[in-house]
Amino acid sequence: MENLQTPFMVALLVAYVLAFLFYFITFIYEKVAFKNTAKLFTVLAFVLNTGLLVIRGLLISGLPLRNLFEFGLFFVWAITLVFIFIEFKFDLSVSALFVLPIVILLLLFLVNLDVTVRPAMPALRSKWLVIHVLTAVLAYGAFAMSFALSVMYLVKDWLGGENSPNRLASKMPRLELLDELSYKVIFVGMPALTIMLVTGAVWAEYSWGRYWSWDPKETWALVTWFVYSAYLHIRLRGWKGKKAAILSIVGFLAVIFTFLGVSYLLPGIHSYA
Amino acid sequence: MIKFLSSIQLAITLIGAMVLASVFATLFPDVEIFGAFWFRGLLLLFCLNLLMCTVKSLPGILHRIKKLPSSVNEERAKTLNFSGPEDVEKLMDYLKAKGYKLKTSSSEGQQNILAQKGILNLIAPQLLHLSLILVLIGGFLTSFGVEDQVTCFVGERADVPASVASGMVIEVNDFQTIYDADGAIDNWITNLNIYVNDEKTASGTTKVNAPLKHQGVSFYQKSYGYYHLIELTGVQPGTYDVPDKKIFSLENKTFNIGYSEEGAVVSFFEGHNLTETVVLKDGDKIDFPNDTVLTYIELNPFTVLGVKKDPGTPVVMTGFLLMTIASFLFWTGRYREVAISLTEGKASLIVYCKIKAVRDEVMEEISERMKVK
């Protein structure tokens, strides 16, 4: 079954690229058939992603959440889940042009990782792992979507806003809706990020005897939490739109640095993640 | 001063400062940031800010929770037509079905309805603030805690450092490496007795992810190791306790002894190349040149336990529990309320919610239901 992983990864990548291409063609030609094909490829990619997670889960006899590759797979899965929800509920197919590139880039990174199944170290054999990493996945998926919506906001604003003659701007939802949706998605992701931090700290207390070690991964997760806290608070002061969008983008950059940057540049006790 | 301490501007400034400090600390790990006086000052100010902000907003929240239905200001309200009691019934059923809690009152021919939903969400930010304060207080108390480690061979006793607990001694009964069905290491377990002032007060096991706690002291499985008790006859006779995998030369033969599940593995080398391995059980012998004989007597495992006494941990854990509850409360949906005054065939309606989109949506749904003319 281990040999199935690579073909699944390739099929997954192809499905996401095709989904992106069909969304792009939909943007140009505005044909319902293209849009439906794009949706079909997105759902197919999501099913393949789920299938690969199931295969991985069977190989390790548990939830595949123990290393960078497995977390990355779940991350992509969560982004797609949030995207599918938003796309079907609000008919925001143009958002695919901003979300799917993130997914494809992440997959291109994951394809190069070692997929060999190795036994988990004793510290990772804990019930806290499941809730800690699943909430991280949910939060990061929501923040990726919010990032895409914020980029859309800034692009539309830069192109002239609601009355812009630009084709891309006219295809995008109203600025107010983009801003509101980005806020709502962060509002879902932020409690998940909080639970991720809490469960990680409780687990660390049981495992390492210290609930907080200022390890780079912990610290950057806290930095991410601070940035999104600032986002939620500045909205109370009426800072919406452009300023909020910029902060949302900064928040997602912190997410990416926590996920990848810390793992490669700032080694610590989270060396496996 | 109170206004400044409870302000969102201060909160955002402090958050920004902590972000910058944290980023700097991870990029330059040799510079002490988190233990620095000024960083602790930031945390203290943050704690005060959270407290003042919470205290300031509590009356408003209590007012909303205790709020009673009253006459709606018609100038700010949207007016809907309604034909009679059946329309009122319909509206109230609709609001109930949507999960609103209704309060009603009537006076001078006017009926007032107050429908509220998401009260738990209303208290979530304050609960989160309080939980953060608890965590910060707990963190401060943790700075008065002590942690150390104790190393002990199986079958022997060792003092717990007096800085952690005076008069406390551990006796290690057993140390085991546990393997899963696939042969991979599942855990390391130490079985021990605890003595306080020479009196046995507890016994139990500690393993990774499951520390043992006794009299406020936590015991964590930190590390372990093996020594091998061997006897030599011949050129260098005697009994030796040799560390696991340490390289020795004996009669021109280079070797080490390593622990394995099957027994002690003696590995012979020529230069860096492994030439031969022999598995020894207790009492087994290996012959060396010049009538030298190595007899394997027994494995001598030791365990290393982290020991900690921290008055802050229970406070921090309470904070974490409240933080988790607050997080779930955030997911219960935004607080919203609908205030309605019904009089002489018309309904005056005001929807309150911090999110404009929600306000518009609720107003639209109710208008649709009541068929606004």
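**Interfaces in the predicted model**

Between chain B and chain A, 16 residue pairs are in polar contact, both residues at pLDDT 80 or more; a polar contact is a pair of N or O atoms within 3.5 Å, where within protein one must be able to donate a hydrogen and the other to accept it, and residues adjacent in sequence count only if both atoms are side-chain atoms. The side of chain B that touches chain A consists of 28 nonpolar, 13 polar and nine charged residues (Ala, Val, Leu, Ile, Met, Phe, Trp, Tyr, Cys and Pro count as nonpolar, Asp, Glu, Lys and Arg as charged, and the others, Gly among them, as polar). The model is predicted, so that local features need pLDDT of at least 70 and side-chain atom pairs count only at pLDDT 80 or more, whereas totals for chains, interfaces and linings use all residues. Residues are numbered from 1 along each chain as its sequence is written, chains are lettered from A and ligands numbered from 1 in the order in which they are written, and side-chain values use heavy atoms, with hydrogens and water left out.

Four salt bridges link chain B and chain A (a side-chain nitrogen of Lys or Arg within 4 Å of a carboxyl oxygen of Asp or Glu). One salt bridge joins the side chains of D180(B) and R125(A), at 2.9 Å from N to O.

Within chain A, the assignment gives domain 1 (1-120) and domain 2 (123-273), with bounds from an automatic or database domain assignment. Their centres, taken over C-alpha atoms, are 19 Å apart. Two salt bridges are counted between domain 1 and domain 2 of chain A. The side chains of R167(A) and E30(A) form a salt bridge of 3.5 Å, N to O.
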